[in-house]
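Dear colleague,

I am handing over the structure below, and I would be grateful if you could look through it alongside the notes that follow.

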Amino acid sequence: MAQRTMTEKNPNATLVSINSDDSAIISERRDKLRILREQGFAYPNDFRPKNSAADLQARFANTDKNALEGRSLNVSIAGRMMLKRLMGKASFATVQDGTSQIQFFITPANVGDNTYNEFKKWDLGDIIATYGVLFRTNKGELSVRCIRLRLLSKDIRPLPNKFHGLSDQEMRYRQRYVDLIVTPATRKTFQVRARAITSIRQFMTNTGFMEVETPMLHTIPGGATAKPFITHHNALNMQMFLRVAPELYLKRLIIGGFNRVFELGRNFRNEGVSPRHNPEFTMMEFYAAYTDYRWLMDFTEQLIRQAAIDAQGTMEVSYQGRILNLSQPFHRLTITGAIQKYAPQYSDAHLSNSDWLRAELRKLGVDKHDTEAIHSPIRGTLLLALFEEIIEAHLWEPTYIVDYPVEVSPLARASDRAPGVTERFELFIAGREIANGFSELNDPDDQAMRFRKQVEQKDAGDEAAMYYDADYIRALEYGMPPTGGCGIGIDRLIMLLTDSRSIRDVILFPHLRHED
């Protein structure tokens, strides 16, 4: 076991840290646990802390040493021992609960010789508890003078070295519980995530939306062009799919008379894993009757600004070394407008020629990773593939890309002013798609025709194409009011708000290959 010098008063005191062989440490700690079991003291469950470290630090931040001594404040608190300093007849421990850290001051005079001697055998990572008196040390650190001290849970495995942290990225994802223990930035990321999600829910409720829950298991996958996960329901003896999106169920609720609905939950897509993609991810979809895609864009801007304020306290976000000011109006461009803004070498004649687009995509190497797009006979698919290949990364400032081709938007209402495009947008921030929305297609005959085209694409080998959903067509035949709907990628939004490079950094337990 390594020792390093670091104390408050005594420069010769020892700081206990671990950097020796894990198996030897585990064996030693199991011996300690065996003794505790024999004594009947292992894993008690009768301590209930009345205080938290963060609350104490906040309440008494401006209370000086003398004022605290005069008040004689009794506290009870528990947490994980992250630092231990042994100094003869007085020792310190830094304890981390679920909110923050606070220092314990332990002496045999206060806790008794037996407890003090036992404490000296305890290890970093052990969960300990105390009843004591709040005070401030000579150096001004808020601390608890322990009167009673207990070991609640034995840490058998050593924590990563305190001074190097958890640097193995795969271990951070695979053993998130360890990452949360030793990496303050990781804990902060998920605290920001929680605040943002709370903000979004509150914003939706305050603007008249009702939160609903729709099925996770679908008999027909729909609502997005994506490859689904397939499972089997034994009792019903039928194939089912994990949902790729809740869209078609939410629009059934609009038809049923709920004019504003939203759902915040998990979607599942059996596709690639990347810094932007996880097979299981969180979306918030919302639908509002008597609105269109222009209304949706204004509303989505407001929602994202409020989430940033509530999660981070500001609309000015630092991401990957650059500043994004979400308070400014979001830009709006068409697909062709965006291509010609950032790649002016492409003319209208180029972008309207399917053969030229296909040749250009091959030149860019798109055929190596997207063979379906390169072989598509549909100009809209080729145009979108070119946009995704060369333009998305340039869209750093919040930008709505509007007027998507009908061929790649099977659920969106066709534009009345421009043939061949839909009233659809995608929102890009920092080169990444954050949201997708459109005026909903509520014509049952048009929707049936588009479903049939999707089925043709599926029969031709496109695994992400949609199925024909006869019940949804039947629902539309009862009449759906003009409606706008949008989906926001919660994980990608949290990446932005927490300056995270990978989607795995904002998902508590991202999917990984087997360890072996």
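E433 touches E426, L427, F428 and R492, where contact means heavy atoms within 4.5 Å and residues up to four places away in sequence are not counted. This is a predicted model, in which local features need pLDDT of at least 70 and side-chain atom pairs count only at pLDDT 80 or more, while totals for chains, interfaces and linings use all residues. Residues are numbered from 1 along each chain as its sequence is written, and side-chain values use heavy atoms, with hydrogens and water left out.

E433 is found in strand β19 (residues 432-439), and E426 in strand β18 (residues 424-429), strands being DSSP runs of E with at least two residues, numbered from the N terminus. At 24% relative accessibility E433 counts as partly exposed, whereas E426 is buried at 7%; buried means under 20% relative accessible area, exposed over 50%, and partly exposed in between, with a 1.4 Å probe and protein chains only.

The UniProt annotation "binding site", from an unreviewed entry, covers E426 and E433; such annotations may be inferred rather than shown by experiment, and their positions are given in the numbering used here.

Leaving aside neighbours within four places in sequence, E426 is in contact with residues including T399, Y400, I401 and Y404. The side chain of E426 also makes a polar contact with the side chain of Y404 at 2.6 Å (a pair of N or O atoms within 3.5 Å, of which, within protein, one must be able to donate a hydrogen and the other to accept it, and residues adjacent in sequence count only if both atoms are side-chain atoms).

With kind regards

Methods. Helices (H or I, at least four residues) and strands (E, at least two) are DSSP runs, numbered from the N terminus.
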